Amino acid sequence: MDILSLFVIVPVLTVIALVFSKGLKQARIISMIGSFIQLGMAINLLFAYFKERAVDKSVMLFTQDYIWFENFNVHYAIGVDGISVALLLLTAIVVLAGVFISWRTDDLPKEFFVSLLVLATGVYGFFISIDLFTMFVFYEIAVIPMYLLIGIWGSGPKEYSAMKLTLMLMGASAVLMVGVLGIYFNSNADGGALTFNILEIAKVHIPFEAQKLFFPLTFVGFAVLGALFPFHTWSPDGHASAPTAVSMLHAGVLMKLGGYGVFRIAMFLLPLGAIEWSWFFIILSAIGVIYGAFGALKQTDLKYINAYSSVSHLGMVLFALLMLNKTAWNGAILQSLSHGFMTALFFALIGMIYGRTHTRDITKLGGLLKVMPFISVIYVIAGLASLGLPGFSGFVAEMNIFVGAFQHEEMFYRVATVISVSAIVVTAVYILRVLGIMLMGEVKNEEYLHLPKATWFEITGILLLLIPMLGMGVAPLWLSDMTMESLQPFIQGVLNHL
Amino acid sequence: MNLNSFIAMRQEIFLLTILLLLIVGEIFINKNKKESLVHFALFLFGIHTIIGFFAIEETSLFGGMFRTNTLIHFFKNALNVGVLIVLLQSADWIKEKMVPLNKGTEFFMLLFSSLLGMYFMISAGDFLMFYIGLELSTLPVAALVAWETSKRISSEAGVKFILSAGLASGASLFGISLLYAATGSIYFADITEVLTSTNLTLLGFVLFFAGLAFKISLVPFHFWTADVYEGAPIGVASYLSVISKGAAAFILMILLFTVLKPLMHIWENIIYVVALATMFIGNLFALRQQNMKRFLAFSSIAQAGFILLGLITGTQLGTATVVYFILVYVFTNLAAFGVVQAIALQTGKENRDDYNGLYRTNPNLSLVMMLALFSLAGIPPVAGFFGKFFLFAAAASKGYYLLVFLAVVNVTISLYYYLLVVRAMFIRKSDNPIPFFKSKIYMRLGLILTVLGILVLGLYSPLYDYIFELSTIFNK
């Protein structure tokens, strides 16, 4: 069995094992073991990748190809480059941390972990696919468990949020389906056979008219998952209602599928369309960056603050990708990774705070630094990373994004960049505001003085996320080199047409 | 008639034999042992289904009135499997409710005659045979719809069905006679050669199309659907929604792709409009349905709209994707109807709100239902996704991107109401949930078959490739 297919097989086996488990204890142990194996595989893949990369310079490594539907030329084709390897590692870490954070799921535990791992299967499969059809299948598999996860185990207006999120994301994927079909039926433009293989299609000169038509469909199909303004509204409601582990996984990993799909499919396969349309989507994503930041400023619910902050941060990813140059793209990848760890950490901490105080309203909280020092200190660290302080992962990413974006000489791009950069200031304001109100000052509620300490599984979950985040900030170069190298063929495909 | 013609018609002959055996059995069996006829009928039909899987060669009989080939034979097998599942799911209902009223055996006889009609309809080589098949397949169903004579709603549905069916088949017959007037022949092979696009043929085609559109319940000929499904016994409703619809869609496809090919520039446009209307009206009306049978009725109208996306192409890809989709749809819809029937038989409840909290009391049934709904909504990795993706691909291959776009909008709308049922079963809690119950063996067998179909048909790709190969027959 090849090293990549295991990423799909192991979660599926875990799910099968879960189906036969009984009770919470068995379910969580099985999920933990399964996720541990995944993490081990992801780390192993990282080293194997370095080894292989030294000798093999092709775009995708560890490629495998099995024919699936012969008449449509659908293949189960897999392969990875540095970016997918990094994102697979992110996924494995967040899934494991999510299992730890959900250690005490009382209601239907088996079903919870099954849904969680089905979601993980979809994400893993998406990152390893290099066949459009396979990728699309995994994309939908990743989205649909969210409905049950939010609907059954969520809180607040969960039915509404779950339905809104699912319909918007599945609607986007339906639009994406049209884009995928459009790309497929134009993949014989140079006279070859119709194909779904990404690397093959990239060599084809799809006519400009078709690119102009299908780029927006493909882009929007992916970008809705990356919270593109004005299609971001599923995200705050969805995150606020979701249980902790699901928010972590969703904001940390699932939303990254959007940005990943945008550069790997929409821009790589339809470069002329990307150039044609970039100005329009730059405006939308710049609005998203600013809007998300101001939205976070006005909220008092911790989860809403974080959800809007995600809209803003992921708006930057889309913004950077639309700038169509290498530095900005690299910033986008780094931002995806950094945001993945950071936001998962945030949601884990919020879950822990909520589990103890039973409120997420920052006006009712206060002086938490005195009552729960561990959680509060980590919250401060995550906050500082979020506002892009040098030495943390966010800084490296945002630096790359804006330096890259400013390289454009046209006025339009520069103005857009300046506007987006200003969001950083707002970010600092909303982060520090939360820290100030929630962590500093007097303890507002006497009951909070006797809150339980963080348990071992919570601490494990948090450290799992904290360490890579700090690592990225301290030593960004090896990661940056790896992604930069892998980006080269993709950005080159676009630049050739500029 | 020689041996070869017997072999070519063996599906029809065997089914007829079963029918006659049942009549004989009904006469001679002891009154207290009528129940055993249910097992007998199921057993015979099971054998019939298995025998069907033996291959057949392309043959034409009775001077071209009756023809069969591998694709037609394949489709008959699909119908057999579907009917077998319908029978398995209805067996308990027949045994418990109908046999005491002395209406058990006749149920099978009428159902089999209708199936026989469908065989003749899809095997027809001329319009006469086609029309006889159409009538034979429709009339027995009218009796079946009104089968629960004690219920007023059932009788009403029966009347509604027979009146609309009569009107539709009248229109169809008129259309056929106009086509005959224009071409001077009723044989498919002859008509193709002389058919040209004139006002007369156009009128003939439209009337003829209306008759079949009624059977497939395309908008605007769908008005009977919801009322009839609601009033009919659930087994009959599922038969109508799957077998009857599938067979009619199949013969419509064959006729459009072969006999009526010269009129393609006309029927393309008609189908485009009808497809849009069917998808939108089916989906929008399904949104507000509370009764599960009505809900499935509108959902099946919408699904028929999706089938038209494959019909519009007129290519081999279109044939293959339509047949594949119908096959998937047979299993998927029967799974949904099966769960509704299991619950209705046990508790008499048919509304969506009654399903609240079902997962906590009956997890297996809920999972089957969820699988079926996801397959109807087209969510991977279950078969419905592949069926829909391929249909859309077929339409896109001819450049109908706008149609595909509007179709995916419909998929999203449909996802909403399918999720409403999932919400009721999994998320909502109820003070008075449906208590735990165990279905009888036949019902469970029927559900397991559908689940296997839903899971295997999509992931097992050689099946689609096989259908694609068979489809060359009608696209030379």
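**Entry 1. Contact between the chains**

I looked up the contact first: 26 residues of chain A and 24 residues of chain B take part in it, where two residues are in contact if their C-beta atoms, placed from the backbone, lie within 7 Å. The model is predicted, so I note that local features need pLDDT of at least 70 and side-chain atom pairs count only at pLDDT 80 or more, while totals for chains, interfaces and linings use all residues. Residues are numbered from 1 along each chain as its sequence is written, and chains are lettered from A and ligands numbered from 1 in the order in which they are written.

On the side of chain B that touches chain A, helices H17 (383-397), H18 (401-427) and H20 (462-470) of chain B are the elements that give two or more residues. Helices (H or I, at least four residues) and strands (E, at least two) are DSSP runs, numbered from the N terminus. Which element gives the most to this side of chain B? I find that H18(B) does, with 12 residues. By class, this side of chain B has 19 nonpolar, three polar and two charged residues. Here Ala, Val, Leu, Ile, Met, Phe, Trp, Tyr, Cys and Pro count as nonpolar, Asp, Glu, Lys and Arg as charged, and the others, Gly among them, as polar.

**Entry 2. Backbone exceptions**

Most residues other than glycine have a negative phi, and most peptide bonds are trans. I noted a cis peptide bond from Phe229(A) to Pro230(A), with omega near 0°; Pro230(A) lies in the loop between helix H9 (208-223) and helix H10 (234-241) of chain A. In chain B, the bond from Val219(B) to Pro220(B) is cis, with omega near 5°, and Pro220(B) is in the loop between helix H9 (199-216) and helix H10 (223-231) of chain B.

I then looked up positive phi values. Asn73(A), not a glycine, has a phi of about 60° and sits in the loop between strand E1 (61-69) and strand E2 (74-80) of chain A. Asn73(A) counts as partly exposed because it has 18 C-beta neighbours inside 10 Å. A residue is buried if 20 or more other C-beta atoms lie within 10 Å of its own, exposed if 12 or fewer, and partly exposed in between, with C-beta atoms placed from the backbone. Phe62(B) has a positive phi near 50° and lies in the loop between strand E1 (59-61) and strand E2 (66-68) of chain B. With 13 C-beta neighbours inside 10 Å, Phe62(B) is also partly exposed.

**Entry 3. Helices of chain A**

Is H5(A) largely enclosed or open? I find that 12 of its 12 residues are buried, so H5(A) is largely enclosed by the rest of the structure; among them are Phe133(A), Tyr139(A) and Glu140(A).

I also looked up H6(A) (residues 145-153) and H7(A) (residues 158-185), whose axes come within 8 Å and cross at roughly 170°. Axes are lines fitted to C-alpha atoms, for helices over the stretch in contact, and angles run from 0 to 180 degrees between N-to-C directions. H6(A) and H7(A) are therefore roughly antiparallel (angles over 145 degrees). Residues of H6(A) including Met146(A) and Tyr147(A) meet residues of H7(A) including Leu165(A) and Thr166(A).

**Entry 4. Leu37(B)**

Leu37(B) is in helix H3 (residues 35-52) of chain B and counts as buried, with 20 C-beta neighbours inside 10 Å. Leu37(B) and Gln316(B) are 279 residues apart in sequence and 43 Å apart in space, C-alpha to C-alpha.

Definitions and conventions: Angles under 35 degrees count as roughly parallel, over 145 as roughly antiparallel, 65 to 115 as roughly perpendicular and the rest as oblique.
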